[in-house]
Amino acid sequence: MTQRPFTIGIVQDAASSDKAAVLAATVEKVREAAKRGAQIICLKELFNAPYFCKRLELERFDIAEPIPGPTTDVMQALAKELAVVLVVPIYERQAAGLYRNSAAIIDADGTLLGVYRKMHIPHDPLFEEKYYFAPGDVAAIEGAHRSANGFAVWKTRYATIGVLICWDQWYPEGARITALLGAQVLFYPTAIGWHPAERQNSGAAQADAWRTAQRAHAIANGVFVASPNRIGHEDEPGTQGITFFGHSFIADPFGRILADGGFETEEILIAECDPALIEETRRNWPFLRDRRIDAYGPILNRYLG
């Protein structure tokens, strides 16, 4: 039986330090996305707080909460009410001293299907994530339909989805493994922006590289890709802060942009995804068939030079 098309939505917006207000506003955006036909809706990385990793501050660990917990409780009830699948990225307190950059996957009946925990953790000026997050691992995948070494897919009411988070988007290995597990769409909730001093010389190139890398994942794997980014300038004392550049998008298995977000505006992007296009693309570009799986062992080395 041929699977019917499904409709996805991604939310591009900013966040404040008022978690209750952000949550309330996000609930309304999810409602709007559902009203516009979205069946699977993904929020941005760390959706309910400013991007707090800009400096090392012990008290910022207090932003974290468990999964399940207060935020996922609200979102589970909302998913059930609207009959939508939700990808809810938050700062997770897994245990005392163990914190993750995570995304809760909630099915359309309100069931918490599981948690994906970001595998690749960056360390850059104003992106001090190694201080705040332990990387994902095999044991961190909970409730997955299929999983392998920390990557996973979830079979939801409407589609089989994979979730990867921000820095993961630069790694073709993560996209490939998640596609091989059966994902029809890869969601990349994101918080990426410019250092203001770099924007004039390299800002456009950085944004273009970010989109190009992910469109390449769609093409190479024959899947849909959806990437919600945050927007707005976030200050940090003693620095110039970060300007998050939006440009969220949804791409099809040819890498074509189905929905395109701007730089400064809050937007909800909606696109219909037809699984038949995955079949058609992979028949004409049989990249999975022609992979030389017998020759890829060297990729497990850090460097071969």
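Guide: Let me start with burial: buried residues make up 54% of the 305 residues in the protein chain, where buried means under 20% relative accessible area, exposed over 50% and partly exposed in between, with a 1.4 Å probe and protein chains only. This is a predicted model, in which local features need pLDDT of at least 70 and side-chain atom pairs count only at pLDDT 80 or more, while totals for chains, interfaces and linings use all residues. Residues are numbered from 1 along each chain as its sequence is written, and side-chain values use heavy atoms, with hydrogens and water left out.

Visitor: What share of the contacts joins residues 24 or more positions apart?

Guide: With contact meaning heavy atoms within 4.5 Å, such pairs account for 69% of the contacts in the protein chain that have a separation of 6 or more.

Visitor: How do you know that the buried residues of helix 6 line one face?

Guide: Helix 6 covers residues 275–284, and its buried residues are P275, L277, I278 and T281. Seen down the helix axis they fall within an arc of 150°, so they line one face of helix 6, the arc being that of the directions from the helix axis to the C-beta atoms. These buried residues pack against strand 1 (6–12), strand 11 (224–227) and strand 16 (267–273), whereas the face turned away from the buried side carries the exposed residues R283 and N284.

Visitor: Which residues does E267 touch, leaving aside its neighbours within four places in sequence?

Guide: E267, which lies in strand 16, is in contact with I10, V11, Q12, D260, G261 and G262.

Visitor: Why is N149 called exposed, and why is C166 called buried?

Guide: N149 has a relative accessible area of 57%, so it is exposed, and C166, at 8% relative accessibility, therefore counts as buried. Neither label concerns the backbone, where N149 has a positive phi of about 55° although it is not a glycine, and C166 has a positive phi of about 40°, again without being a glycine. N149 lies in the loop between strand 6 (146–148) and strand 7 (151–155), and C166 in the loop between strand 8 (160–163) and helix 4 (172–180).

Visitor: What makes H247 partly exposed?

Guide: H247 has 23% relative accessibility, so it counts as partly exposed. H247 is found in the loop between strand 13 (242–245) and strand 14 (249–251), and its contacts beyond four places in sequence include Q12, W210 and F263.

Conventions: Helices (H or I, at least four residues) and strands (E, at least two) are DSSP runs, numbered from the N terminus.
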